[in-house]
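I opened the notebook to write down what I could look up in this structure. Entries follow in the order I made them.

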Amino acid sequence: MRSVCISLFVFRCACVCALLHRAISQPPTESDTYTECTDGYHWDPQTQHCKDINECETITEACKGEMKCFNHYGGYLCLPRSASVIPAPEPPNQIRPGLDDTAREPYNPCPSGYEPQGDSCMDVDECARDEHDCQPSQECFNTEGSFTCQCPGGYRKVGTECIDIDECRYRYCQHRCVNVPGSFSCQCEPGFQLAGNNRSCIDVDECDMGAPCSQRCYNTYGTFLCRCEQGYELGSDGFACKDIDECSYSSYLCQYQCVNEPGKFSCICPEGYQLLGTRLCQDINECETGTHKCADGQTCVNIHGGHQCVDANRCQEPYVQVSDNRCVCPVAKAGCQDLPFSIVHRYMSITSERSVPSDIFQIQATSVYPGAYNTFRIRSGDDNGDFYIRQINNISAMLVLARAVNGPKEYVLDLEMVSVNPLMSYQTSSALRLTVNVGPYAF
């Protein structure tokens, strides 16, 4: 007799043995029936074959905890819920062993896994002939006289199944790992790109790749920064630069007027003034630059923001001109008795909003008589009391601005020096006619 054993690599295994008599004169009768199946299978009377039992349905809580039940031929598997299993097709039903099967097998004088070819035995490529029993998840490799079933790359064998290997558990990637069936892929955080080894991450220079900075771009590790030129500030989006209106921040940037420009500002001055440096305004002396339009017989007098043309002869009756700016009233004329003997014409210009009290003009006697006592006063022109005289000594005095004044405005002040000699009972006076022009601005 011989024993035929069918093995299943699952949780249970059993053998079905049939005793076959060598005597050909004793064949099996029609009443012989084989209904016994191996563990994990049950007899199907309808198909007259053994059929696999689905333990995942028939056994309550076949797998505990976080394990998931996977039905298998003749048994079942408990695997992690994250496991990926490629199911195998239904195996051929178990056929009742008998003499008819053995009788149909051709005689093979070669060892198992070989077949006769002429006078020699040649290896059978079970993989090419699809005569292997590898699972669909496995790969068949032919060997001499047999074959092997192996799992493809990225899978490991659990029982007879190939289970996907989670490569991300082994930290193959520098940043992020994404597991896929049979393999994995590495991904990088924003601002990085995958290196040539497909695992490491290297910094991306966004500035060279067209970062959306409107002006300056600075690359940093994993990101970039936008910066603006002087005179601009970064917008809320972090990319665009908008002009800074410097003029709105302070009223002291310019002495007169501030003009905002893209990325900067500039100062301008009113007519009659020119820019001194970058922010100050300076009066233009038209009399020196030759830009005045005074006629012949006139004298140009510069004032803040402009100029005046005055007649060269400014003497009025009963005075007569003795020099360019000096007039004398002769004693012989009857109208000169109560008037200063001489009048000297002077011009000056001051700015508006000048701090007070402020010394603005010094009066100096040009001739002094021995024994004479001199006093100084404002003879006319100060109707509002904006000025006063502070006498320094016997021969000089100071004209003081008593109240702040705003221009444009003009004062014509007669400053008189009265000389008295008590020994000789002699008294005389002379005047300085001072024209004070107040400019329109505080500069």
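**Second largest pocket.** I sorted the lining of the second largest pocket by residue type and got eleven nonpolar, eight polar and three charged residues. The model is a predicted one. The space in this pocket came to about 530 Å³. There are 22 lining residues, and those closest to the centre of the pocket are S342, V344, T366, M417 and S430. I then listed the elements that give two or more residues to the lining: β27 (342-350), β28 (358-364), β32 (409-421) and β33 (426-438). Strand β33 gives the most, with six residues.

**H345.** I looked next at a residue of strand β27, H345. Is H345 buried or exposed? I noted it as buried, because its relative accessibility is 8% and the cut-off for buried is under 20%. Leaving out residues up to four places away in sequence, H345 touches R314, N325, C327 and R433.

**Cis peptide bonds.** I looked up the bond from V356 to P357 and found it cis, with omega near -10 degrees. P357 sits in the loop between β27 and β28. I also recorded a cis bond between G407 and P408, where omega is about 0 degrees. P408 belongs to the loop between β31 (396-401) and β32.

**Positive phi.** I checked E61, which is not a glycine but has a positive phi of about 50 degrees. Its place is the loop between α1 (55-58) and β3 (67-72). E61 has a relative accessible area of 56%, so I put it down as exposed, the cut-off being over 50%. D130 is not a glycine either, and its phi is positive at about 60 degrees. I found D130 in the loop between α3 (126-129) and β7 (139-143). Its relative accessible area is 58%, so D130 is exposed.

**C217.** I placed C217 in strand β15, which covers residues 216-220. With a relative accessible area of 25%, C217 is partly exposed, because that value falls between the 20% and 50% cut-offs. Which residues does C217 touch, not counting those up to four places away in sequence? I wrote down C207, A211, F224 and L225. I also took the distance to F239, which is 22 residues from C217 along the chain: their C-alpha atoms are 9.1 Å apart.

**G297.** I found G297 in the loop between α4 (286-289) and β23 (298-303). Its contacts, apart from residues up to four places away in sequence, are V310, D311 and A312.

**Whole chain.** I counted four helices and 33 strands in the protein chain. Of its 443 residues, 31% are buried. For contacts between residues at least 6 apart in sequence, I noted that 35% join residues at least 24 apart. The chain exposes about 28300 Å², and carbon and sulfur atoms supply 50% of that area.

**Confidence.** I read a mean pLDDT of 85 for the protein chain, with 87% of its residues at 70 or more. Over residues 1-32 pLDDT stays under 50, and the model has 38 contacts beyond four places in sequence for them. Over residues 90-103 pLDDT also stays under 50, and there I noted 20 such contacts.

Definitions and conventions. Residues are numbered from 1 along each chain as its sequence is written. This is a predicted model: local features need pLDDT of at least 70, side-chain atom pairs count only at pLDDT 80 or more; totals for chains, interfaces and linings use all residues. Side-chain values use heavy atoms; hydrogens and water are left out. Buried means under 20% relative accessible area, exposed over 50%, partly exposed in between (1.4 Å probe, protein chains only). Contact means heavy atoms within 4.5 Å. On a 1 Å grid over the protein atoms alone, a cavity is a set of points where a 1.4 Å probe fits but cannot get out, and a pocket is an open set with protein on both sides within 12 Å along at least five of seven lines; lining residues have an atom within 4 Å of a point. Grid points are joined across faces, edges and corners, and a volume is the space filled by probe spheres set on the points. Ala, Val, Leu, Ile, Met, Phe, Trp, Tyr, Cys and Pro count as nonpolar, Asp, Glu, Lys and Arg as charged, and the others, Gly among them, as polar. pLDDT is the predictor's confidence in each residue, from 0 to 100. Accessible areas come from the Shrake-Rupley method with a 1.4 Å probe; for residues, only the protein chains shown count as cover.
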